[in-house]
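This briefing goes through one protein chain, topic by topic. Keep the sequence and the 3D view open while reading.

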Amino acid sequence: MMKIKFLLTALICSAVGFAQSVNDYKAVIIPLKYDFIKTENQYRLATLTKSNLLKAGFTAYYTNEELPAGYADRCDLLYIDVKKDNAFLVTKLFVEFKDCYGKVIYTSETGKSREKEYEVAYRESLDNAFVSIANLHYKYSGKSPVTPSRAVTAETLPAVNTTAPVQTAVVSTPAVNVSDPNLLYAQPTENGYQLIDKTPKVVMKLFKTSRADSFIAVKDGIQGSLNAKDNQWYFEYYQNDKLVSEKVSVKF
């Protein structure tokens, strides 16, 4: 009996911790298309998502909206995704909130509907899923979430030893324009970084070399290198025996 009480207490504390974690984010970014639909805002799902978020107390923006001043750091934002559970004669949807690196911060209860018409079923399922989100009683705490980019920075890492066989930090990082819609964010991996966009989607993988300003880079199956020069990063590779150099905006 005591063990059961202990487990229930742990579960409740865990749930409260998750509920509180969404309060560390300023706003929510909504994609126009989810994986289980074919076109943008099909069945008005993006519109319904925003409406439900606003009702639950969140500030919300579509991915194609220009964000106001004060929202430049994407890691201060949550990214919502609506998922569909395959079920016979029942439509089931649930909602995930993710941070800027794609880590799931909170998952809603599953909303269900037995309506046959898609638009009606999706609306009812989504509304039902948002009941658990509304019960979070979201209120922005004013605190910035702890993310890998904030926990480990070039300033907090040891100085680079240029004679070492592998790099330990990025130095002389080129200037970054945070308003650039194509800006990629570096997420540390075991052997380097992966660069992700605002979706977030992995766009490029980087592997450490002996130099802090050069990486082996792989993008869309193409292997090349990412090099810092002239205060900018460049993805360079050969195509038809010709060197191609593409400017890449990266925030480490």
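In this predicted model, Asn240 is exposed, with a relative accessible area of 72%. That value is over 50%, and therefore Asn240 counts as exposed and not as partly exposed. The points below begin with the loop that holds Asn240 and then move to other parts of the chain.

**Loop residues and backbone angles**

- Asn240 sits in the loop between strand 12 (232–239) and strand 13 (242–248).
- Although Asn240 is not a glycine, its phi is positive, at about 55°.
- Arg44 is not a glycine either, and its phi is also positive, at about 60°.
- The loop that contains Arg44 lies between strand 1 and helix 2.
- Arg44 has a relative accessible area of 42%; this falls between 20% and 50%, so Arg44 is classed as partly exposed.

- Strand 1 covers residues 27–30, and both of its faces are covered.
- On one side of strand 1 are Ala27 and Ile29, on the other Val28 and Ile30, and all of these are buried.
- Strand 1 runs parallel to strand 3 (residues 77–85), and 3 bridges join the two.
- Within strand 3, Leu78 is the bridge partner of Val28.
- Strand 1 also runs parallel to strand 2 (residues 60–62), again with 3 bridges between them.
- In strand 2, the residue opposite Val28 is Ala60.
- Val28 therefore has a partner named in strand 3 and another in strand 2.

**Helix 2**

- Helix 2 (residues 45–55) forms a right-handed β-α-β unit together with strand 1 and strand 2.
- Which residues of helix 2 are buried? They are Leu45, Ala46, Leu48, Thr49, Lys50, Asn52 and Leu53.
- An α-helix has 3.6 residues a turn, so residues three or four places apart point the same way.
- The buried residues of helix 2 pack against strand 1, strand 2, strand 3, strand 4 and helix 3 (118–134).

- Thr91 belongs to strand 4 (residues 91–98).
- Is Thr91 buried or exposed? Its relative accessible area is 11%, which is under 20%, so Thr91 is buried.
- Leaving out residues up to four places away in sequence, Thr91 touches Gly111, Lys112, Ser113, Glu115, Ala121, Tyr122 and Ser125.
- Ser214 is part of strand 10 (residues 214–219).
- With a relative accessible area of 13%, also under 20%, Ser214 is buried because it falls below that cut-off.
- The side chain of Ser214 makes a polar contact of 2.7 Å with the side chain of Asn227.

**The chain as a whole**

- The protein chain contains 4 helices and 14 strands.
- Of its 252 residues, 39% are buried.
- Its accessible surface comes to about 14900 Å², and carbon and sulfur atoms account for 52% of that.
- Taking the contacts between residues at least 6 apart in sequence, 49% join residues at least 24 apart.

Methods: Residues numbered from 1 in each chain as written. Predicted model: local features only at pLDDT ≥ 70, side-chain atom pairs only at ≥ 80, totals over all residues. Heavy atoms only, no water. Buried < 20%, exposed > 50% of the residue type's maximum accessible area, 1.4 Å probe, protein only. Contact = heavy atoms within 4.5 Å. Areas by Shrake-Rupley, 256 points an atom, 1.4 Å probe, with all protein chains shown as cover. Right-handed = clockwise from strand over helix to strand, strands pointing away. Polar contact = N/O pair within 3.5 Å; in protein donor to acceptor, adjacent residues only side chain to side chain.
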